[in-house]
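Hello,

Please find the sequence and structure below. My notes come after them.

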Amino acid sequence: MAVMNYAAQAATTNEHLGQSDVLAVRNAFLKYDINEQATLLARMPISDAIAVLHECPLRHVQTLLDLLDERNEQVRMRHLANGLGLICSEAEPAGHYLKNSVFSHVRERIGWIVGLALLGIVSGLIISHYEDTLSQLVLLAIYMPVIAAAGGNTGSQAATLVVRALAMEEIRCRDWLAVLWKEFRVAIVIAVVLALVIVGRVMVFSDSTVLPIGMRLEDIALAIGMAISLQVVLSTTVGGVLPMIARACRLDPAVLVSPVLASVVDISGMIIYFTTVNTFLGLA
């Protein structure tokens with residue numbers, strides 16, 4: 001009971017909790033009814049509330065934040081969520097996902113989608129610029145979707161893991177260099193494995209009799225493998241850092257990362273593919 005009284009007193013004073021007190025207050029805090037916990041959160045100093053919630057299970061924290069939202073404590077809820085790294089954008093609509101109107105979701109997403117769709121025209125311009133390359137070697141057209149898909153998949157994996165780590169406060173924006181270095185090493189390993197698979201696919205299933213005179217299938221396979229390796233490394237590192245850039249700019253990674261990453265991957269993939277192939281094979 002003494003600990004319970006201490007938690008209640010801490011909730012109504014302006015003194016900040018010491019590090020040694022946080023766990024004791026957390027244990028006392030969790031003994032209250034869920035509605036009483038929400039009331040305490042509305043009265044506690046922000047720093048103390050964040051310290052206590054940081055030691056609570058994530059699912060329980062989400063329930064408490066939803067209760068604050070239902071009680072029209074949106075400002076307090078948003079401050080706590082931002083302090084815990086759960087909400088990354090002031091533009092993000094408050095409230096439950098299913099309770100928000102369709103228009104609020106559309107308003108949040110449509111700007112990025114339309115802008116990036118127009119940016120996608122650049123990919124078409126790049127392909128048309130290298131039309132002569134494709135006309136000289138039709139085999140290259142078969143592996144264009146592979147380049148885009150590999151970059152998109154690896155980049156999305158990295159971005160998803162980093163977004164989750166940011167939400168769980170395992171990393172912060174200042175850790176961007178460590179994240180970049182780790183994702184780069186992961187990308188190197190994935191790129192080597194994927195390149196070997198693609199080189200084997202080209203060598204085994206491609207018809208060397210239809211190639212232009214003087215061009216070897218081994219060189220084509222190596223060029224495609226190198227292109228996909230470079231694309232995977234770039235996409236994975238960008239996918240790992242992009243959520244942290246969004247967080248630093250106070251934008252929502254959940255809304256921003258996927259469409260921006262898709263556009264970056266499409267454009268960079270075509271540039272890397274045709275540049276690498278032209279360099280290795282000496283095409284015009």
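What follows covers the basis of the model, a helix pair, a surface patch and a salt bridge.

This is a predicted model, in which local features need pLDDT of at least 70, side-chain atom pairs count only at pLDDT 80 or more, and totals for chains, interfaces and linings use all residues. Residues are numbered from 1 along each chain as its sequence is written, and side-chain values use heavy atoms, with hydrogens and water left out.

Helix pair. The axes of α3 (residues 34-43) and α5 (residues 58-70) come within 9 Å and cross at roughly 70°. Helices are DSSP runs of H or I with at least four residues, numbered from the N terminus. Axes are lines fitted to C-alpha atoms over the stretch in contact, with angles from 0 to 180 degrees between N-to-C directions. The contact (heavy atoms within 4.5 Å) involves Ile34, Asn35, Gln37, Ala38, Leu41 and Ala42 of α3, and His60, Thr63, Leu64, Leu67 and Leu68 of α5.

Nonpolar patch. Val102, Val106, Ile110, Ile113, Val114, Leu118, Ile121 and Leu125 form a nonpolar surface patch with about 760 Å² of accessible area together. Patch residues have over 30% relative accessible area and no salt bridge, and nonpolar side chains (Val, Leu, Ile, Met, Phe, Trp, Tyr) are joined within 5 Å. Areas come from the Shrake-Rupley method with a 1.4 Å probe, and for residues only the protein chains shown count as cover. Helix α7 (102-119) gives the most, six residues.

Salt bridge. The count is one: Arg216 with Asp219, closest N and O atoms 3.1 Å apart. The criterion is a side-chain nitrogen of Lys or Arg within 4 Å of a carboxyl oxygen of Asp or Glu.

Regards

How values were computed: Patch = residues over 30% accessible without salt bridge, like charges linked within 9 Å, V, L, I, M, F, W, Y side chains within 5 Å. Helix = DSSP H or I, 4+ residues; strand = E, 2+ residues; numbered from the N terminus.
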